[in-house]
Each structure stands twice: as C-alpha cells, then as structure tokens.
Amino acid sequence: MQYKYWIKYTLFGTLALMLGVYSSCTKLDEKVYDRIKGEDFPSNKNDVIRSFLRPFEHAYWSIQGGSTFMLQENSSDELMTPNRQGDWFDGAQYQRVHYHTWTPNDGYTSDAWNAFYQGIALATNSLEVLNKVDPVAMGMEEKDLKDLKAELHTLRAWFHLRAFDFYRNIIIVDSIGDNTGPMTQSTPKETFNFIEKELLNAIPDLPTVEDLGINNAIGRWTKAGAAALLVRLYLNAKVYIGEDKYSECAKVCQDILDGKYGHYELETRWDAPFDYTNTTSPETIYGFPGSLNQTHWQYDGGMYFWCVTYQAPRYFGFSDFGDANPKFALQPGRDVDSVEYSFKLGKPFVKFQKYKDDYRLKVYKNLGGSKREGMFLYGYLPYINSDGDQDTVRGNKGPYPLFIRDQVGMFLDAKPGTKIADKESDMNHADHNSGVFAVKYPFYPDGDDHRITSAYAEIRLAEIYYSLAECKYRAGDKAGAAVLLNAVRKRNYPEGSNSLYKTDGSQLTDQEMLDEWGREFLVEGRRRTDMIRWGVFNSGTWWDKKPDADDHTEIFPIGINVLNASGSSLKQNPGY
C-alpha cells in the first residue's frame, strides 16, 4: 500500500482504536511480555505515525471543545443561548457572553486557553519526537518524514492563530523538552511573525491535493491549507498588530485561486460543502473526517446537535442521539409583535430574507436518498410518531406544539399571528418557540448510510473568494469584489436571479459585506472575528445588546485558573 493511502486509512482509525483499548482495559495483573523504553520510541514506522496522529483528534475536538464555538458565536450578533424558562440559565454565564460582561472567573475563559495549548503542546511534542527520527532506520523516505513534520508545524500554527485571535497576548511554544523555566507572553508582533514563519517554512514540504489524491486528502494539511491560514492571518492583521496586510492577503488568495498550491473548485450546490460528499469535495481545503461510529465532533452537543430544537431529531427521523437540547438559536430579527428591529447588526434570518429566492430559506427537510433541502427550522415541524400518528415537535415546558419564530418572548401556546401581552424580549425572557434554528450539516434519518458522515469543513475555497473580495472592496474595487462574491453566491439562487450583485458592485457597503460574510459562513464559528475586523463588535447594537463601554472585550481575559496555575509568569489582559 502506498504511503499516502496508508496514512489516510490510519489517520483517525488508529487513534480511535488506541483510545478504545486504553479506556477498556481494566485487568491490570497480566504479565508484561514486552516493554518499550522512552528512548526507544519510536522504533518503527508505525510508531512515527502514532506520534504524528495524536494532536489531530484533539484538534478536531477543539472546534467546539473548551467552549471555542460558543465564545465565537454567542458573543456576536449571530447566535444566542437565552434562558428558556429556566433551561440554559446556568448562572447567567451565557448572558455574560452575550452582553460582553464576562470575567476571568468564568470557566470558559480558562477552558478555551487550555484547549488551544493542549493542542499546541501535543503538536510540539510530536514534532520533537519526529525531529529525532532517522527515516532510513524507520523504513521511510526523507520526503515523507518532512511532510509529516510540515503538517505538524501547520497544525501548531493553526492552534497559535486561534489562541492569538482569542487572547492576543499569548505564549509562543516551539519546544517542550528544553523549557524548564516559566514561559512568558510574547508581543502581538512577535506572535504574528512566529505564525507567519511557521506557515511559510512549512509550505514547501507540504503535499498538494494532487500529491495525495482527492480521496486521501481529507484530514491532511496541504500547501493550500497552510496558505489559507496565511490568508486568515493577513486578513486580520490590522486588528492583530495594527498593520494593514490586505495586499499580502490578496496575493495569497489569488495564488490559491490560480492553482499555485493545488487545484480546487467551488461546489455548484449550496449544501454540497457540508454534505457527506465533502470528504472528497474540490471545495474542501482542510477538513476533519467524521463518521457516525467514530469521531463526529461538529455533530455533538457542543455544536450542531444543540443548534436544533428539542424534538427536531424526530422531525429528521434521526434517533441515534436521542432528542436534542436547544442551546444555540439565531438571535431575533423581530420584536414580539413581529416588527423588524431597526438596528443594522444582527437579525441573521432577516438578512437571509433580504434575498427571498435563496434556496437556503426553505425549512430543512430530508428528501430521501441522502438528500435534503433548506437550512432552517421554523414554524410548525410535523412528523410521524412511534404510533404511526401525525404529531408536531414540542418542547419540555408544556404539551403544546412549538411554532418556532424569528422572535424572542413568552409565546407559549399562542397561535401564529396572535399578539401577546408580554412585550419583554431579552436573554432572560425566552420560551421554546423563540429563535429560528440553523441546520448547516445534514441530519439524515435512521437507515441512511450517510447520516453523520460529513467531514467538518474547517477551510472552504469559498473563504478564499470572500477574503479576496474583501481585500478588493477595501482597495476600492467594488466591481472586482462583486464578481468574486457572485461566483459563490450564484449557487444560492435560481438561474438569472436578481439577487446577484450588480456587476459594478454599487450595492456593496461595509454593512452589506459584513452581512454577506454572515450569510455564507453562518454558524461556522468565525462571526466574532469578522465583526471585530469590521469595527463593530464593541461599538455596535443588536437585539438587546448595547455598545460596550470600550474595546477591551475585543479579546478575552485569561482565566483565573490559568493565571493561578502559571504562578506569576502570565499577565492579565488589559481591562480585566
């Protein structure tokens, strides 16, 4: 079996098997027939691969673990976790995220830091193991070993970049074994330069998608994947270090689109980048492979399975996980009387409704044969219950059917269109009718071979189109920006739709650009970052969220648990 295929088949299967064996072994009195000393590891190619693999499962977990998804989305104008008649109040911790009143005592401020740094430590440890490897002694080719090390450098850069985005004043970790003293924080400029250097140095030794083959590229860092991380770094450079890097960003984007780092193409259907076929999609630049019986972190409770209402799985016909628990919903665009709010930010569902022929606006529905339509749950959701009778999705606070709406309030069993007397609408006053739900990754029904098999598309080619469009827009080339945006947007609308931007780009404004980022990348865990880049995260108003007193909440505090564990080596971020 060729080396690249062998990696693909062992990438997560080996780790899952190892974890399963270790977690299930309880007989401890067996005779040990063999021992491997630390200095003897790795002793063969399999050991090298095992060391290489270890950080990747943690990386996949970290897209939602440590509250990373929640902090990116709930602090923005996109998602909410309101107090639903006592459900999800949880000491008002989600209110503090929404209102930007978090403190270092909130556990998630430590959890996210730990999630990033565990990944950084794992990747660095694996690098140090591989740096000592003699490829000839392991039966490997030198270029294959260079590839593995370049992928680990890229993975470590990805973790550093995310920590940098969250906390800004972070620790650079480029070695484990040689560090015996306290580690100090680097300046943002030093961190920026480190991440940039990691990626630039890794790219020459990374494979292209053609080197791997489209069937074997999922879960592997490629030249394009590392280049896409440079795009993220440069696109946000003004925020990170106060320096404009839009021209550098545009250059890397254009190189990716021109195929310098491998050939990629946009999908022609809006849902294809998230469907079970995305493991071999030409739009997937980097993704984490998932399956029902092994790893599927984006489908777990920290992410999309809690982005739907209670009995939504019954509506889907999907029973493997039981009933859901609605943690995340879209923030409302309308008040309790169904009048659209006047502020410009937020209102994500209203922003979709601006272009009424958008295919995504349909209510999510499984069509059979591993197909679906629509991206949202709203209105009544009917299904056939276990007795074979027609039923409707309900909550846990009353027997009435839920009518899910783009509003927040105590609607209870009020019928659609009924004006209720209680006009309060805020994070502490919601019921289970409140808030539209987004279903980006499909939940196919029981018996469908492709249920819960979508990869998590961490980097899509669409992001490169949008990043280059933003660079062109900021440089005054609205027409060029419109062409790039429409290249992606055209799959969301019927042929000849008037919803596409005019070719001169005259419809594009700062607000429309931010709105369009929100439509295309809804619930993909980046909204906070985009709002900060456009200068509205601290100054803007949305739903019941008023502007912050200042901009110190642009970065999170370093959690008290992290500070206590560090002794005096870490300094708290300004303003906390």
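Isoleucine 171 is found in the loop that lies between helix α7 and helix α8 (188-202). In this predicted model, isoleucine 171 has a relative accessible area of 10% and is therefore buried, since the buried class extends to values under 20%. When neighbours within four places in sequence are left aside, the contacts of isoleucine 171 are with Trp113, Tyr117, His160, Met183, Thr184, Gln185 and Leu570.

Helix α7 (residues 142-167) packs against helix α3 (residues 45-61), with the two axes coming within 11 Å and crossing at roughly 20°. Because angles under 35 degrees count as roughly parallel, α3 is described as roughly parallel to α7. The crossing in which α3 passes α7 is left-handed. On the α3 side the contact involves Val48, Ile49, Phe52, Pro55, Phe56, His58 and Ala59, and these meet Leu145, Leu148, Glu151, Leu152, Leu155, Trp158 and Phe159 of α7. By class, the residues of the contact between α3 and α7 comprise 12 nonpolar, one polar and one charged.

A second contact of α7 is formed with helix α10 (residues 223-235). The axes of α7 and α10 come within 10 Å and cross at roughly 20°, which makes α7 roughly parallel to α10. Here, too, the crossing is left-handed, as α7 passes α10. The contact is made by Thr154, Trp158, Leu161 and Phe164 of α7, together with Ala226, Leu229, Arg232 and Leu233 of α10. The residues in the contact of α7 with α10 divide into six nonpolar, one polar and one charged. Trp158 is listed both in the contact of α7 with α3 and in the contact of α7 with α10.

Within α10, alanine 226 was examined individually. Alanine 226 has a relative accessibility of 0% and so counts as buried. Apart from neighbours within four places in sequence, alanine 226 is in contact with Thr154, Leu199, Ile203, Leu206 and Trp221, and among these Thr154 belongs to the α7 side of the contact with α10. Alanine 226 and valine 488, which are 262 residues apart in sequence, have their C-alpha atoms 22 Å apart in space.

Among the strands, β10 (residues 456-460) is mostly covered, five of its five residues being buried. Strand β2 (residues 284-288) is joined to β10 by four bridges, and the two strands run antiparallel. In this pairing, glycine 287 stands opposite alanine 457 of β10.

Methods:
Residues are numbered from 1 along each chain as its sequence is written. This is a predicted model: local features need pLDDT of at least 70, side-chain atom pairs count only at pLDDT 80 or more; totals for chains, interfaces and linings use all residues. Side-chain values use heavy atoms; hydrogens and water are left out. Axes are lines fitted to C-alpha atoms, for helices over the stretch in contact, and angles run from 0 to 180 degrees between N-to-C directions. Angles under 35 degrees count as roughly parallel, over 145 as roughly antiparallel, 65 to 115 as roughly perpendicular and the rest as oblique. A crossing is left-handed if the near helix is turned anticlockwise from the far one by less than a right angle, and right-handed if clockwise. Contact means heavy atoms within 4.5 Å. Ala, Val, Leu, Ile, Met, Phe, Trp, Tyr, Cys and Pro count as nonpolar, Asp, Glu, Lys and Arg as charged, and the others, Gly among them, as polar. Buried means under 20% relative accessible area, exposed over 50%, partly exposed in between (1.4 Å probe, protein chains only). Two strands pair if DSSP finds at least two bridges between them.
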